[in-house]
Structures are given as structure tokens and as C-alpha cells.
Amino acid sequence: MKYLLSSVAVVALALSISSAARAQSEITLLSPDPIKATIEKLLEGFEAQTGTHVKVTYGTGVSTRKTVASGQALDVSLLFAPFAEALKTGNIVPGSATVIARLRFLALAVQKGAPKPDISTPEAVKRTLLNAKSIISVDPTQGSVGGIALLALDKLGITDQVKPKIKWVQNGGLVQDSVAKGETEIALGPYLSDMRNPGLDVVGALPPGASTPVDITGFLSTSVKDSKAAKALLAYLSSHEVAPVYEAAKIFPAH
């Protein structure tokens with residue numbers, strides 16, 4: 001009986017240690033959904049290399065910033081610029097800011113089979129948008145793409161002429177459906193997501209001279225429990241080692 005009790009105690013202790021080890025080897029990550037496929041591939045490599053499990057929560061570019069601003073930053077939070085409001089709250093460590101990659105965010109699409117407009121240069125994009133009868137994009141308060149579309153118009157100097165003919169909708173699905181059905185001529189949407197409707201032809205991403213690539217920046221939470229593992233994740237996501245993963249996804253690596 002004494003031997004049995006002793007064995008049970010050993011097993012219980014082992015399970016307790018194993019459980020604690022698992023708890024210590026898990027960190028949390030907040031990421032914008034448009035880069036989900038790339039992040040999933042990167043995390044496979046990180047987890048295999050370090051043994052640290054990463055639990056991910058995804059949201060839109062806007063909602064992730066709001067999540068951080070409301071005090072719900074995860075151990076590591078990836079944000080699309082600009083993120084001034086999130087920084088002001090003190091929920092993330094400003095000095096931990098790490099640009100992991102840059103994203104050619106804004107793309108143009110038309111109805112499948114329609115003539116594809118020229119977007120090869122900033123001047124060509126300018127002419128295309130000025131000549132368009134109608135444009136649709138996601139409401140800037142709902143998704144980052146709308147705010148980036150407005151920045152592109154400002155950069156091209158055509159905001160006053162083009163903004164009145166843009167219809168703002170709640171999400172990328174509505175953007176796609178409207179153009180696929182022929183209700184709207186041009187869609188301005190994310191280059192890497194929300195532009196997969198079979199009724200669309202994606203013309204391509206706008207050139208950097210028309211729409212500045214967006215930094216994907218990672219931050220540590222001020223309440224991070226395992227700062228060593230969180231810092232290791234940021235270092236991995238921004239390393240030369242993972243550059244091919246970004247390049248395969250048409251994202252610019254940080255290095």
C-alpha cells in the first residue's frame with residue numbers, strides 16, 4: 001500500500017510539473033486577419049524551433065487596434081500602422097516596437113471579364129480612379145483598407161474629386177459582391193484577402209507611389225508574463241530566416 005501511494009504521488013507530481021511546463025510554454029498573439037495564412041506558416045516554424053505554443057486571436061486591422069486600446073493586448077500584438085491611439089493607452093510597450101514586415105495593402109479589382117484598367121504607375125492609378133464611374137471600399141471605421149484607400153487618394157492629390165463617388169460598406173464581402181454583380185465598377189480592397197470572389201478579376205496591388213506599403217509592427221504587452229518567449233517570437237517574425245515565407249506571400253520582409 002505504501003508503495004502504491006508513493007507511486008501515485010510521483011505520478012501526480014509529474015503531471016503537475018508537466019502541466020506547469022505547458023502553461024509556461026504558451027504565449028498569446030493578436031494579429032490582423034489579412035495576414036492570417038502567412039502568420040500560421042510562420043508560427044509552425046517558431047513552435048517547431050522553440051517548443052513554445054502560440055495561441056492566436058485574429059481581428060480586422062481596426063479591431064486589433066481597438067482591442068489593444070481597450071486594455072486587452074495579448075502577450076504580443078501585431079498592428080497595422082497607424083496605431084497612435086493604441087500606444088497612448090499604455091497597454092503595450094513603445095520601446096518593444098518591431099516592424100516584422102511591410103504589406104502592399106491596397107489592391108484594385110473589377111468584374112470578371114471587364115477591361116482591366118492601367119495601374120502600372122501612380123499617374124495611371126490617378127487616371128483610372130478619376131475616370132471610374134463608381135468605386136466601393138470598406139468603411140474606414142470598420143476596416144483598415146478604407147483608411148488606406150483615403151490615404152492613397154490624398155497621396156495622389158485626388159481626394160476631393162474621387163471621394164464623393166466611393167460607396168463605403170461594412171465588410172469586404174459586400175465590396176466583392178457589389179463589383180461581381182456589376183453594381184459598382186471598381187473595388188478597392190486588401191491585396192491579400194477579401195478579394196477572392198470568383199466574380200472578380202484582381203488587377204493587382206497599387207504601386208508604392210500610389211499607396212505606401214503598410215508596416216506590420218509587433219509590440220509586447222505591458223502585462224506579458226513570459227517576456228523571454230514573447231521577445232523570441234518578435235525576433236523570429238522579423239528575422240532573415242523567415243524572409244522567404246513573406247516573399248512567397250507577396251509581403252516585403254523587414255530585412
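## Surface and overall make-up

Accessible areas here come from the Shrake-Rupley method with a 1.4 Å probe, and for residues only the protein chains shown count as cover. By that method, the accessible surface of the protein comes to about 12700 Å². Carbon and sulfur atoms hold 56% of that surface.

This is a predicted model, in which local features need pLDDT of at least 70, side-chain atom pairs count only at pLDDT 80 or more, and totals for chains, interfaces and linings use all residues. Residues are numbered from 1 along each chain as its sequence is written, and side-chain values use heavy atoms, with hydrogens and water left out.

## Helices, strands and contacts

The protein has 10 helices and 11 strands. Both are DSSP runs numbered from the N terminus: helices are H or I with at least four residues, strands are E with at least two.

Contact means heavy atoms within 4.5 Å. Take the contacts with a separation of 6 or more: 76% of them join residues 24 or more positions apart.

## Buried residues and cores

Of the 255 residues, 45% are buried. Buried means under 20% relative accessible area, exposed over 50%, and partly exposed in between (1.4 Å probe, protein chains only).

A nonpolar core is a set of buried Ala, Val, Leu, Ile, Met, Phe, Trp, Tyr and Cys residues joined through side-chain atoms within 4.5 Å. The largest one has 62 residues. Leu 78, Leu 129 and Leu 233 touch the most other members. Helix H6 (residues 144-156) gives the most to this core, with seven residues. Apart from this core lies another, of eight residues, including Ala 73, Leu 79, Phe 83 and Ala 86.

What does Leu 129 touch, leaving out residues up to four places away in sequence? Its partners are Leu 108, Ile 135, Leu 153, Leu 156, Ile 158, Val 162, Lys 165 and Leu 188.

## Aromatic pairs

The whole structure holds three aromatic pairs. Rings of Phe, Tyr and Trp (its six-membered ring) pair if their centres lie within 6.5 Å; planes under 30 degrees apart are stacked, over 60 edge-to-face, and the rest tilted. One of the pairs is Phe 46 with Tyr 236, tilted, at 5.6 Å centre to centre and 55° between the planes. Phe 46 sits in helix H2 (residues 36-50) and Tyr 236 in helix H9 (residues 227-237), 190 residues apart. Both Phe 46 and Tyr 236 are buried.

Phe 80 is buried at 0% relative accessible area, and Phe 105 is buried at 5%.
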